[in-house]
Amino acid sequence: MNPAADLVNKLWRLCTLLRKDGVTYQQYVTELTYLLFLKMASEQKDETRIPAQYRWKVLKSANETEVLKLYRQALIDLGDGEKVSDRAIVSIFQNAATIVRDPANLRKLINAIDELHWFTEERDSFGDAYEGLLQRMAEETKRGAGQYFTPRALIDVMVRLMQPEAGEIIEDPASGTGGFLIAANLHMKAETDDYFTLSPKQQAFQLQDALRGIENVPDTYRLLLMNLYLHSIDPNNIVLGDTLSPTGARPQFKNIDLILTNPPFGPAGGPPTRDDLTISSSVSSYQLPFVEHCIRALKPGGRAAVIIPDNVLFDDGRGKALRKMLMNWCDLHTILRLPVGIFYAQGVKTNVLFFTRSEDEAPVEDATKAVWIYDARSGAPSYGKTNPFRISDLDDFVKAFGSDRNGRAKRKDQGEEGRFRRFTRKDIAARGDNLDITWLKDTTDQAEDGLETPADIAATIESHLKSALEEIAALMADLEGDAGDVGAEAVE
């Protein structure tokens with residue numbers, strides 16, 4: 001077993017110490033984040049930024065009577081910008097609070113972490129180990145904070161096809177725990193010999209300014225910052241906020257070279273509060289406004305790979321208007337229809353949109369001449385814990401996509417019996433701009449067929465109910481929008 005995987009298993013087993021306190025998996029990983037940060041600083045001889053009274057050696061030596069009190073105060077003070085000057089530390093510990101109630105459990109947790117064999121190779125691979133913890137958390141909780149966690153295999157394929165380059169600005173407007181940003185950084189490091197071939201100024205840009213992101217959930221944002229820290233990234237433009245608010249319209253989130261993202265699905269709790277999202281301004285769901293953000297955020301010639309649920313392909317009203325905008329402003333060259341079951345909530349049907357913003361400063365009509373659709377869903381095996389989704393499952397798609405990151409490689413339409421087909425803009429217009437195009441008979445088992453535990457069944461029922469409510473909300477928004485348009489015409 002490699003060091004990172006071994007460390008993940010050891011750390012995950014520690015969760016049993018806290019389960020009797022009613023601790024959730026996300027709370028547990030968050031709690032580990034605090035302790036592991038202090039432990040890693042000690043291991044890396046980098047404790048000068050941490051007040052002496054809260055360093056690992058002090059915490060480890062505190063008796064059972066005092067340890068919980070000391071730890072609670074450490075969390076408060078480390079998140080206080082007036083007591084700690086290091087921005088990264090304050091961001092990770094800001095508003096931190098422990099969920100451990102029993103000092104004996106905290107003492108066991110500290111001792112267990114301290115007793116792990118921290119060999120050099122384990123320290124070097126700790127970023128991978130932390131991502132492993134995040135992956136395990138996602139598998140156990142199905143989803144976190146209303147967001148679906150993206151399988152690492154899918155992230156790696158999307159990054160490989162989009163080919164991020166050193167010097168480019170890469171954005172994830174729904175950063176989550178940082179999977180896309182970390183993978184893009186690793187890809188660029190591999191292409192530049194660990195950034196060794198870059199000048200000091202270029203290296204600083206890569207580690208501080210190349211990556212941009214927004215995350216709206218405080219606890220997830222904390223995990224994101226820790227993940228970046230463990231990968232030696234200290235970005236200036238990763239913020240806590242709502243992409244669909246004026247935060248998402250800030251200058252650092254515009255003129256982007258590459259967007260890689262899996263926006264949250266479901267209701268947003270209200271329409272966007274940004275002035276520039278004109279197409280989706282009245283939509284009370286996440287997916288349409290996030291797609292519009294991606295279109296507007298790209299620089300001319302910029303490219304994107306965005307995961308979206310099926311309804312974005314076929315919704316009428318605002319959905320149809322957004323698809324027209326996408327195909328007018330961008331070359332929507334490829335759609336990948338993903339298998340069901342690869343996300344950690346059963347029944348979620350998703351796709352990846354690959355598109356390139358027109359080189360023209362002003363949007364032109366029909367920048368999309370044709371759309372290639374790859375159906376990886378029909379006849380696909382059932383994925384889950386016993387059959388995890390792997391990079392190799394998309395090998396045929398990667399080959400069909402070609403080596404050009406803008407989808408301009410030579411391609412072959414595989415016909416009605418194949419998985420990869422080409423549809424002209426005229427074909428799509430004849431369908432009312434509906435992009436939900438299928439031609440293969442779908443013999444895939446329903447995602448529900450493999451469900452066994454009550455928790456999985458309940459999560460699936462919840463997913464279907466939410467989808468139905470989203471469809472009703474979208475219809476009501478469209479009807480209200482139509483009524484508003486009629487009213488405006490009457491006033492004129």
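Student: Which residue stands opposite Thr 356 in β7?

Tutor: Good place to start; this is a predicted model, in which local features need pLDDT of at least 70, side-chain atom pairs count only at pLDDT 80 or more, and totals for chains, interfaces and linings use all residues. Residues are numbered from 1 along each chain as its sequence is written, and side-chain values use heavy atoms, with hydrogens and water left out. Strand β6 (residues 330-337) and β7 pair in the antiparallel sense over 7 bridges, where pairing takes at least two bridges found by DSSP between two strands. Opposite Thr 356 in β7 you will find Asp 331.

Student: Which residue stands opposite Val 352 in β7?

Tutor: Here we turn to strand β5 (residues 298-309), which runs antiparallel to β7 and is joined to it by 7 bridges. Val 352 in β7 has opposite it Ile 307.

Student: How many residues of strand β7 are buried?

Tutor: Buried means under 20% relative accessible area, with exposed over 50% and partly exposed in between (1.4 Å probe, protein chains only). On one side of β7, Thr 350, Val 352, Phe 354 and Thr 356 are buried, and on the other Asn 351, Leu 353, Phe 355 and Arg 357 are too, so both faces are covered. The strand (residues 350-357) is therefore largely enclosed by the rest of the structure, and the number of its residues that are buried is 8 of the 8.

Student: Which residue in β9 is the bridge partner of Trp 372?

Tutor: Trp 372 points one way from β8 together with Ala 370 and Tyr 374, and all three are buried. The strand that holds them, β8 (residues 370-375), is mostly covered, with 6 of its 6 residues buried. It is joined by 5 bridges to β9 (residues 420-424), which runs antiparallel to β8. The partner of Trp 372 in β9 is Arg 422.

Student: In what sense do β6 and β8 pair, parallel or antiparallel?

Tutor: One landmark is Thr 334, which stands opposite Trp 372 in β8. β6 and β8 pair over 4 bridges, and the sense is parallel.

Student: How many helices does the protein have?

Tutor: Helices (H or I, at least four residues) and strands (E, at least two) are DSSP runs, numbered from the N terminus. By that count there are 9 strands, and the number of helices is 19.

Student: At roughly what angle do the axes of α3 and α13 cross?

Tutor: Axes are lines fitted to C-alpha atoms, for helices over the stretch in contact, and angles run from 0 to 180 degrees between N-to-C directions. The axes of α3 (residues 25-43) and α13 (residues 218-230) come within 10 Å. The crossing angle is roughly 35°.

Student: Which residues does Ser 42 touch, not counting residues up to four places away in sequence?

Tutor: Ser 42 lies in helix α3 and is buried, at a relative accessible area of 19%. Its C-alpha is 7.5 Å from that of Arg 55, which is 13 residues away in sequence. The residues that Ser 42 touches are Glu 47 and Trp 56.

Student: What is the relative accessible area of His 293?

Tutor: His 293 has its place in helix α14 (residues 287-297). Leaving aside neighbours within four places in sequence, its contacts include Glu 171, Pro 173, Gly 248 and Arg 274. His 293 is buried, and its relative accessible area is 0%.

Student: Where is Gly 248 placed?

Tutor: Gly 248 is buried, with a relative accessible area of 1%. Beyond four places in sequence, its contacts include Ile 214, Asp 242 and His 293. Its place is in the loop between β3 (237-240) and β4 (256-261).

Student: How many disulfides does the count come to?

Tutor: A disulfide is a covalent bond between the sulfur atoms of two cysteines, counted here when a pair of cysteine sulfur atoms lies within 2.5 Å. The sulfur of Cys 330 is 9.7 Å from the closest cysteine sulfur, in Cys 294, which is too far for a bond. Both cysteines are buried, Cys 294 with a relative accessible area of 0% and Cys 330 likewise at 0%. The count of disulfides comes to 0.

Conventions:
Contact means heavy atoms within 4.5 Å.
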